Amino acid sequence: MAKIIVVTSGKGGVGKTTSSAAIGTGLALAGHKTVIVDFDIGLRNLDLIMGCERRVVYDFVNVINGEANLKQTLIKDKRTDNLFILPASQTRDKDALTREGVEKVLNELAKDFDFIICDSPAGIESGAMMALYFADEAVVVTNPEVSSVRDSDRILGMLSSKSRRAEQGLEGIKEHLLLTRYNPERVEKGEMLSVEDVKEILAIELVGVIPESQAVLNASNSGQPVILDKDSDAGQAYLDTIKRLLGEQVPFRFLTVEKKGFIKRIFGG
Amino acid sequence: MSLLDYFRSTKKNTANTAKERLQIIVAHERKRRNGPDYLPQLERDILEVIRKYVDIPADQIAVSLEQRGDQISVLELNVTFPDDKR
């Protein structure tokens, strides 16, 4: 039985697509057959982050409309085995995704895949609702910043009331908090909400903390999921996150400022 | 913290401010989210009744249900009448 995981946030620009790409790749690296589905109709970007933008022929909406089949549409990742991408359409028609259409495609994917990662668009419009509707688990991507935390809380409300599991009275969606762009230095100075602060406000289980890192921009510049940059802090933090998603207990890293030498501590810098 | 920082460390801790503000607004919004499902319908019905007498646009009416303590819920109704209809 395939597990459907939505990567969502409410607010835009917090790292949903970066995280979807990293999580999908990480699960595939762990040996699970995984597909990442871009639900951001009209603003396709997962293809660019995954570095397969020039290989898009058909898209999600084509499959729903019966203009292409899944086999023609899925893009096989060239670096990672077991990994496929279903690109979003560039259509401006906001209602191109119907619930029946999405359900049909997800059911078909579920026959073949272990994990279906739904990369949600920002906002709480139909696209975002569609991305979370069929989910079994949710990764709520949050920045340690007021508007992001508030929007995440809105999305948590949607997950518990507007999803298939809620409507059918099934066991609720399993919610995970993924804190991204975390800067321990600013937290220590009292300029940024801490992991504990955000955990306390949102009151859901923490699955990962990704430090603010140059590696993320480098990765998106070159179309490589950052999790493949195994020497980078962000890459390692995503690898830890995957282990936790799969049920392993892993201590959190990159939560504190690296200890400085004596001289630096006296003079700063 | 460096020695330099030590002498200018009277700066306000904005993270605490953020946390306090978030706790308040999130609690408030959760309360509304958990409000009864009939509230929007109630709002429409009240609007219809008022419209029998005065023609007001839909956005000029606000209904909210507030929980005050364990025992009391207060239904608050706010209707803005247009100037010429008073």
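Which residues of chain A does UniProt list for "domain: AAA"? I looked up the record: the unreviewed entry gives residues 2–156 of chain A. UniProt positions are in the numbering used here, feature names are shortened, and annotations may be inferred rather than shown by experiment. I note that over residues 2–156 chain A is 39% helix and 18% strand, with the end C-alpha atoms 22 Å apart. Helices (H or I, at least four residues) and strands (E, at least two) are DSSP runs, numbered from the N terminus.

**Basis and confidence.** I am working with a predicted model, in which local features need pLDDT of at least 70 and side-chain atom pairs count only at pLDDT 80 or more, while totals for chains, interfaces and linings use all residues. Residues are numbered from 1 along each chain as written, chains are lettered from A and ligands numbered from 1 in the order written, and side-chain values use heavy atoms, leaving out hydrogens and water.

I checked pLDDT, the predictor's confidence in each residue, from 0 to 100. Chain B has a mean of 79, and 83% of its residues reach 70 or more. For the complex, the predictor gives an ipTM of 0.83 and a pTM of 0.82.

**Cores.** I turned to the nonpolar cores, sets of buried Ala, Val, Leu, Ile, Met, Phe, Trp, Tyr and Cys residues joined through side-chain atoms within 4.5 Å. Buried means under 20% relative accessible area, exposed over 50%, and partly exposed in between (1.4 Å probe, protein chains only). The largest core has 56 residues, of which Phe60(A) and Leu109(A) touch the most other members. A second, separate core of 33 residues includes Ile49(A), Cys52(A), Phe115(A) and Ala219(A).

Beyond four places in sequence, I found Phe60(A) in contact (heavy atoms within 4.5 Å) with residues including Val37(A), Phe39(A), Leu86(A) and Val105(A).

**Rings.** I counted 3 aromatic pairs over all chains. Rings of Phe, Tyr and Trp (its six-membered ring) pair if their centres lie within 6.5 Å; planes under 30 degrees apart count as stacked, over 60 as edge-to-face and the rest as tilted. Phe39(A) and Phe60(A) have ring centres 5.2 Å apart and planes at 85°, so the pair is edge-to-face. Phe39(A) lies in the loop between strand E2 (34–38) and helix H2 (46–49) of chain A, and Phe60(A) in helix H3 (residues 60–64), 21 residues apart. Both are buried. Tyr133(A) and Phe134(A) are also edge-to-face, with centres 4.8 Å apart and planes at 85°.

I also looked for charges over rings (NZ of Lys or CZ of Arg within 6 Å of the ring centre and within 35 degrees of the ring normal). Arg99(A) lies over the face of Tyr133(A), 3.6 Å from the ring centre. The charged end of Lys33(A) sits over the ring of Phe113(A), 4.9 Å from its centre.

**Helix H6.** Which residues of H6(A) are buried? I list Gly127(A), Ala128(A), Met129(A), Met130(A), Ala131(A), Leu132(A) and Tyr133(A), which are 7 of the 8 residues in this helix (residues 126–133). Their cover includes strand E1 (3–8) and helix H5 (99–112) of chain A.

**Backbone.** I noted a positive phi, near 65°, at Asn82(A), in the loop between strands E3 (75–76) and E4 (83–86) of chain A. Phe254(A) has a positive phi of about 60°.
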